[in-house]
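Please look through the model below with an eye to its aromatic rings, its paired strands and one of its pockets. The paragraphs that follow take these topics in that order.

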Amino acid sequence: MSFQPNPGDEVVINDIAYTIGQHPAAPGLAYAQAGRQGIVYQLIPRNGSIHGAKALKVFFPKFRIPAMVYQSEHMESYSELPGLQVCKRDVLTPERNGALIGKHPDLLYAVLMPWVQGQTWFDVISDQRQLTAEESLKLARALAGTGSAMEQRGLAHCDMSAPNVMIPFFPKWRTWGRRLR
């Protein structure tokens, strides 16, 4: 059975119950974003707090590889760097998540990580948002700081595209409000 959740559906991962988030701009649809390697869904903990929300990246078949476990373990040490909290990842494996993967085989080697609230750079560009000088400077400093911290540790992102750059200090509601008018 393919993993095609609806908003409000429950999924239990590592003994923690989550519900699938609803997209704020599209009521009735799951909060999901498709990318080159898979689809990312928003998971909200049972208590309803967005602060404990997770992102579940469900990979397309050709990207479901066992090495994802090692890669994620290796990346975790970088999760404390500014802008890299998504490096704290947990990979769903048959050993730890067998019942869930048995029910939803598409979740094999899916990755659970912190949900970053905010816009992507793609959202900013698509909405043709005019940035103030202060916002531009804040964005440039944050990106330079993250890039510098990565470079000092010999790291490279390798896919620094507009949908992969999150800008958590620009509230999304501004964008959605314009789209819905």
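The count of aromatic pairs comes to two, where rings of Phe, Tyr and Trp (its six-membered ring) pair if their centres lie within 6.5 Å, and where planes under 30 degrees apart count as stacked, over 60 as edge-to-face and the rest as tilted. Phe 3 and Tyr 41 make an edge-to-face pair, with 5.4 Å from centre to centre and 90 degrees between the planes. Because Phe 3 lies in the segment before strand 1 and Tyr 41 in strand 4, this pair ties together parts that are 38 residues apart in sequence. Phe 3 and Tyr 41 are both buried, a term that stands for under 20% relative accessible area, with exposed meaning over 50% and partly exposed in between (1.4 Å probe, protein chains only).

Tyr 31 and Trp 115 form an aromatic pair that is also edge-to-face, at 4.9 Å centre to centre and 75 degrees between the planes. Tyr 31 lies in the loop between strand 2 and strand 3 (32-34), and Trp 115 in the loop between strand 7 (111-114) and strand 8 (119-120), so the pair ties together parts that are 84 residues apart in sequence. Tyr 31 and Trp 115 are both buried.

The model is predicted, so local features need pLDDT of at least 70 and side-chain atom pairs count only at pLDDT 80 or more, whereas totals for chains, interfaces and linings use all residues. Residues are numbered from 1 along each chain as its sequence is written, and side-chain values use heavy atoms, with hydrogens and water left out.

Ile 13 stands opposite Ile 16 in strand 2, and the two strands form a hairpin with two residues between them, in whose turn Asn 14 has a positive phi of about 55 degrees. Strand 2 also pairs with strand 4 (residues 38-45) in the antiparallel sense, over three bridges, and here Ile 20 stands opposite Leu 43.

Phe 3 returns in the second largest pocket, which is lined by 13 residues, with Phe 3, Asp 9, Glu 10, Lys 103 and His 104 lying nearest its centre. A pocket is an open set of points on a 1 Å grid over the protein atoms alone where a 1.4 Å probe fits, with protein on both sides within 12 Å along at least five of seven lines, and lining residues have an atom within 4 Å of a point. Helix 2 gives the most to this lining, with three residues.

Key:
Helix = DSSP H or I, 4+ residues; strand = E, 2+ residues; numbered from the N terminus. Pairing = 2+ DSSP bridges.
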